[in-house]
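Please look at the structure shown below, and keep the sequence beside it as you read. The report that follows takes up a pair of helices, then the nonpolar cores, and then the spans annotated in a record.

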Amino acid sequence: MAFTIERWLGTDVTQISRLTGEFISAERESAFQEERLPESRRHARMLFLFSALMNTLFLLSDWRFAGTPHFWVAVPARTVIILASIACLMLSRKMTNFRAVERYCFCWQMVIAVGVAFLVTSRTDLALFVLAMLPMVFYLVVPTSFRGNFGGGLGCGIALLIGYLSPAPLSPTAPGLIIGVLTLHSAMWIAISRTNRLQRQEWTAGRIANSAQAALAANGETLERMFMSVPIPLLVTRGGTVIRFNDAAAAMFGTGSDISDVHVLNEKSAMLTTLRDYIVAGEDVDNHECRIFSRGSVAHDVLLASRPIVIGGEDCILSSIVDISHRKEAERHLAHLAMTDALTGLANRSHFMAKLAQVAGSMTRGRSKAAVVLIDLDEFKRINDSAGHDAGDAVLRAVAQRLQQAVRPGDLVGRMGGDEFAVLLTRLDSAADLLTILDRMTASLHQPLTHGARDLDCRVSMGAALFRDHADNISDLMKHADIALYEAKNAGRGRACLFEPRLLERWQREARMLECARDAMAHAPPQPWYQPKVDLTTGRIMGFEALLRCVRADGSIIMPGDIAAAFEHWELGRIITERMISQVLRDCRRWQDEGIDFGHVAINVPGVELHDSSFPDRLLEQVRAAGVPTGRIELEVTESVFLGRNAEVVERSLHRLSQEGISIALDDFGTGFASLSHLKQFPIDVIKIDQRFVRDLETDPDDAAIVRTVLNLAYSLGIHTVAEGIENEHQFDYLRAGGCHYGQGFHFGAAVPAATIPALLNGGGSESATGQIA
């Protein structure tokens, strides 16, 4: 194993496998292992002896299983382990080379792994400890090569995992246990690879130093050539003074011998010390990572190692300095990529949340405040669909740039994903400071954006919450900011909203409604009940309004108001509407087949459906499939569907349905934000007077005036009117005298199941098929 100095110099000392940390050269790896043979052999013997002693003690504790089926598993397995350990110990004198050490260790590992796999079938707390501990012993203690450490550790881990899970392989904890074991083995892989690499780097430097020292005694000229040719900077110091340095050191520090101007930044201290003082203070340094600043303040990340040597009968220190600046720069670059959004260059979600946690943890109750602002681009999908994804990316980058320009130095802007951004504002004195910044951000973000030859409309909705004022932890802070954002979008978008407790109450109320709706879908599916609509002139039933009812098994009924939030939910609203329409069409078809003239049925349609351009085709297809004339169907819509950026979709949908013969009724007229121009723009056939105006028209002059105005307006436009909530004869007489066409309410009848409609129509004393209220 006698390697000449020339052969050492002919091989690059950095030729170490990135995967295993071992030398790529089999010859060099063999030399490394053979030099460590006495130590490896001693460690193996100690391992076999320790295994025999410890398992003998465990054998005594295994008698606690006496009388149980596990006793006949534990005792034989433990006995085999003890015998195998003793056998390996006795045969260890035959370990004359490293391969022999590996073979004996491998045999011992196999026996131990299989034996302990039987032992951990007990699934005790100790078994769970052994499941993690024994593979770590195989990785870190067994004196073998990487393949022996990793193969033994992995094989042991698999054997123990099989043994531990065999009584209950499909237990709920099995997936988590498997993931935990895989994580452990991945970490052990990294640990032994890094340890191997550092050992071989140190060994290589030591061999070079030893060879240099031996060559110095034999041939000063050869020593000089070798010393000067080593590509690693080497310094020989005595009493803090550099007495020799090689070419690599000269290239790094300059041609002078004084290193007092070279400083070391220790990670354990922020204070700078000179490299000379550092070497003198720590004579025995092993691969210590630090940063040095050479002349000209050039920084280098290095591995520093120092060893005492004797030159010319005098004590000196040989220091090797491995420049790892490129590696550390790559690590910093990877860390930066892991915390940065690739498209915008902003902090990503992980970075933002980590910074938020840091700020929240460092803040004390006082004047200074912090806030989180969540930002969502309005109609971003429309930009992607109409202008292309390159335009969408340009918008995202522009928003990122404008946000950074709008906030103050020290504030953090992050992209949370998709079209969602977040801003962390600190050093706020009051909520007024926050509102000022929100106004500045809104003004900046709402400026037009040009992409190519096209102008893009860039508008955002923002929700903000103050730390401590609105939440004491970051989880609630993010949730409350999200609730404020939800309010901003519901209030018409393109605005900023600051969290208020009432928003949380409303959000919780809507959450309860959605939960109630989901429960109803599973246990009390919605079904239509029908409330008669009566001609106020003749008293005859002219049609019905289909009202949602969810009847529970105990007979209680979930009313529409109990699940109001579900109607505008993108998923639940569509499912509920589809079920209602499907059931209404089945009822209409059945009544037709029975020869019952039920007039028409009005169905309430939420905005979530009307904003979908495919809704008219889906509805008309269902109507045709059911064989129901379109004139039998009336759609009731609220004023809110006319607002927002999807108004053109709603207009096209309503015109399409109106052309096919389906009448359109405007529900809750006068209670929303729609303008009178919508009566002209949209094909409205019926105006429904909300029951809030009808309820008090006898006692409230304002309500009476509103009802008269609506009736006159509808008469002038040639639109029929329906009054809701008629409950007594006086309201009936007033509306009929005012020219109202139809009415509905408890005065005529409450909503009833479909099965009672034939009897209601046939038993009303009507001379016609539509029936008449007695």
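## Two crossing helices

In this predicted model, the axes of helix H17 (residues 474–490) and helix H18 (residues 501–523) come within 10 Å of each other and cross at roughly 85°. Since angles of 65 to 115 degrees count as roughly perpendicular, H17 and H18 are therefore described as roughly perpendicular to each other.

Where the two helices meet, H17 contributes Lys 479, His 480, Ile 483, Ala 484, Tyr 486 and Glu 487, while H18 contributes Leu 503, Leu 504, Arg 506, Trp 507 and Glu 510.

## Nonpolar cores

The largest nonpolar core has 74 residues, and those with the most contacts inside it are Tyr 530, Val 601, Leu 635, Phe 642 and Leu 735. Helix H19 (residues 572–593) gives the most to this core, supplying eight residues. Apart from this core lies another, of 35 residues, which includes Leu 47, Ala 77, Ile 81 and Ala 113.

Leu 635 can be followed in more detail: leaving aside its neighbours within four places in sequence, Leu 635 is in contact with residues including Ile 603, Val 605, Phe 615, Leu 619, Leu 657 and Ile 662.

## Annotated transmembrane regions

An unreviewed UniProt entry places the feature "transmembrane region" at residues 46–65, 71–91, 103–120, 126–142 and 149–167. In the model, residues 71–91 are 100% helix and 0% strand, with end C-alpha atoms 30 Å apart, and residues 149–167 are 89% helix and 0% strand, with end C-alpha atoms 28 Å apart.

Methods
Residues are numbered from 1 along each chain as its sequence is written. This is a predicted model: local features need pLDDT of at least 70, side-chain atom pairs count only at pLDDT 80 or more; totals for chains, interfaces and linings use all residues. Side-chain values use heavy atoms; hydrogens and water are left out. A nonpolar core is a set of buried Ala, Val, Leu, Ile, Met, Phe, Trp, Tyr and Cys residues joined through side-chain atoms within 4.5 Å. Buried means under 20% relative accessible area, exposed over 50%, partly exposed in between (1.4 Å probe, protein chains only). Helices (H or I, at least four residues) and strands (E, at least two) are DSSP runs, numbered from the N terminus. Contact means heavy atoms within 4.5 Å. UniProt positions are given in the numbering used here, feature names are shortened, and annotations may be inferred rather than shown by experiment. Axes are lines fitted to C-alpha atoms, for helices over the stretch in contact, and angles run from 0 to 180 degrees between N-to-C directions. Angles under 35 degrees count as roughly parallel, over 145 as roughly antiparallel, 65 to 115 as roughly perpendicular and the rest as oblique.
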